[in-house]
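Biologist: I'd like to learn how to read a structure feature by feature. Could you walk me through one?

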Amino acid sequence: MASSAGAAEGRTVAGLSGESIIREIKASGIEFVVSVPDITTSEGLLRPLAAAQNPRLVRICKEDEGVGICAGLAYTGKRGLLLIQQTGLLDSINAIRGVAMDYSLPICMMVGLLEKEVGVPPRQSKRYGVRIVEPVLEAMGVPYVEIEEQADVGKIRPAIDDAYATNHPIVLLIGQRPS
Amino acid sequence: MMRRDLCLKAIARHVRDDDIVLPVYSTAFDWLDVRPHPLNYLSHGAMGLASSHALGLALGRPDKRVIVLDGDGSLLMNLGTLVSIAEAAPKNLYHFVMENGTYEANGGHPIPNRGKLSFSGFARSAGHANVHEFADLQIFEQQVGAILGEPGPAFACLKVVPAGPQERDYSRLHGPHVRQAFRDALAKS
């Protein structure tokens, strides 16, 4: 796995293996990936997921649809993962508020952080659209986990399991393009 | 135009005990009188997401019929759902839209471009093959059983008017007891 140099003010971090993330997604019992394409995760995650039969990929038009779909799946005992970009996350705030939070449902979201500088914590990004993501989630009471380098991949399965065990949403923030 | 409550009674005559039904807003209050049942899925948030919840339910439980009783204002907020459902193509999903031309639950204001748009046209353009439109109750009563008897996904636009004023107690839709009752019923069904 290649190392990625960070932005001028960022630290150097190891790259992310898309294959290992997909392995963790499968190990988490995810049977459906519901997605609007995101450039951060396009090649490393979405394209290989689209080529596989399991988990089943459900292509949608807009991210808040996916919140509803994952809610319906959760009631049936099936696990879904919403794979989107932070722009779609921000666009879906009311759905997350109304469905994931008010109804206490385990909506699991994997969110590519468009234009985040590698090695720079999201809230220190030069990009306003990146900087506000974690404060917005905190204001909503939505837990999140940063997946920035390979060592973080092991956080995915426990985060998803905990969301289902305790009926709360989780946002997995993908901080750089997986290989 | 058809009275909405009579349309719902026509649908209910063909709804099985193990079907999941997702009625939306004003339709939901009528439906609760027609078919009070724990497999009514009533808590789908807002902004037109009921059909998206329905898609998740249909994918997760392909052994059960999932019937959405949507509103026209709600569907306008989530038109992409027609495309997503058409692509996923669950054979067990039936999407009825009550077109009354208003945001009835929010003051009865008209939907944009009322009377000049076509919900069945939207559905066809989105890729749905099984699309219907009804404005005559007798014809709808004759055909609704066949719609629900064929493999989905199916889409039907019903031109309706409300039967009259409603008493809207939203805790009947969003209360935690409603969701728990659904969860329990689905687990047993």
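Modeller: Happy to, and please keep in mind that this is a predicted model.

Biologist: Let me begin with a strand, then. Why is strand β3 of chain B largely enclosed by the rest of the structure?

Modeller: The reason is burial: 6 of the 6 residues of β3(B), residues 66–71, are buried, so the strand is largely enclosed by the rest of the structure. Buried here means that 20 or more other C-beta atoms lie within 10 Å of a residue's own.

Biologist: Which residues point one way from β3(B), and which the other way?

Modeller: The general idea first: side chains in a regular strand alternate between the two faces of the sheet. In this case B:Val66, B:Val68 and B:Asp70 point one way, while B:Ile67, B:Leu69 and B:Gly71 point the other way, and all are buried.

Biologist: And how do I read its neighbours?

Modeller: Strands of a sheet pair through backbone hydrogen bonds, in either a parallel or an antiparallel manner. β3(B) pairs in the parallel sense with strand β2 of chain B (residues 20–23) over 4 bridges, and B:Val21 stands opposite B:Ile67. Strand β4 of chain B (residues 93–99) also runs parallel to β3(B), joined to it by 6 bridges. There B:Ile67 stands opposite B:Tyr94.

Biologist: Turning to chain A, in what order do the strands of its open sheet come?

Modeller: The 6 strands follow the order β4-β3-β5-β6-β8-β7, with parallel pairing. β4 and β7 (144–147) of chain A are at the edges with a single partner strand each, so one side of each has no neighbour in the sheet. From one strand to the next, the twist averages 25°. To look at one pair within it, β5(A) and β6(A), residues 108–112, are parallel over 5 bridges, with A:Leu81 opposite A:Cys108.

Biologist: Now a helix. Which residues of α2 in chain A are buried, and which are exposed on the other side?

Modeller: A helix can be read by its turns: an α-helix has 3.6 residues a turn, so residues three or four places apart point the same way. In α2(A), residues 42–51, the buried ones are A:Gly44, A:Leu45, A:Leu46 and A:Leu49. They cover an arc of only 155° around the axis, which puts them on the same side of α2(A). A:Arg47 and A:Ala51 are exposed on the other side. The buried residues pack against α1 (18–27), β3 (30–35), β4 (56–59) and β5 (79–85) of chain A.

Biologist: How many residues does the largest nonpolar core have?

Modeller: That core has 103 residues, and A:Ile107 and B:Leu158 are those with the most contacts inside it. Helix α3 of chain A (residues 63–75) supplies the largest share, 7 residues. If you click on B:Leu158, look for the residues it touches beyond four places in sequence, including B:Met2, B:Phe96, B:Phe134 and B:Phe140.

Biologist: Last one: how many residues of each chain are in contact with the other chain?

Modeller: In general, the size of an interface is often given as the accessible area lost when the parts come together. Here we can count residues instead: 26 of chain B are in contact with 23 of chain A. On chain B, α3 (50–60), α5 (80–88) and α9 (176–188) each supply at least two residues of that side, and the largest share, 8 residues, comes from α3(B). By class, the side of chain B that touches chain A has 11 nonpolar, 11 polar and 4 charged residues.

Terms used:
Residues numbered from 1 in each chain as written. Chains lettered and ligands numbered in written order. Predicted model: local features only at pLDDT ≥ 70, side-chain atom pairs only at ≥ 80, totals over all residues. Contact = placed C-beta atoms within 7 Å. Nonpolar A, V, L, I, M, F, W, Y, C, P; charged D, E, K, R; others polar. Buried ≥ 20, exposed ≤ 12 C-beta atoms within 10 Å, placed from the backbone. Pairing = 2+ DSSP bridges. Arc of directions from axis to C-beta. Core = buried A, V, L, I, M, F, W, Y, C linked by C-beta atoms within 7 Å. Axes fitted to C-alpha atoms, helices over the stretch in contact; angles between N-to-C directions.
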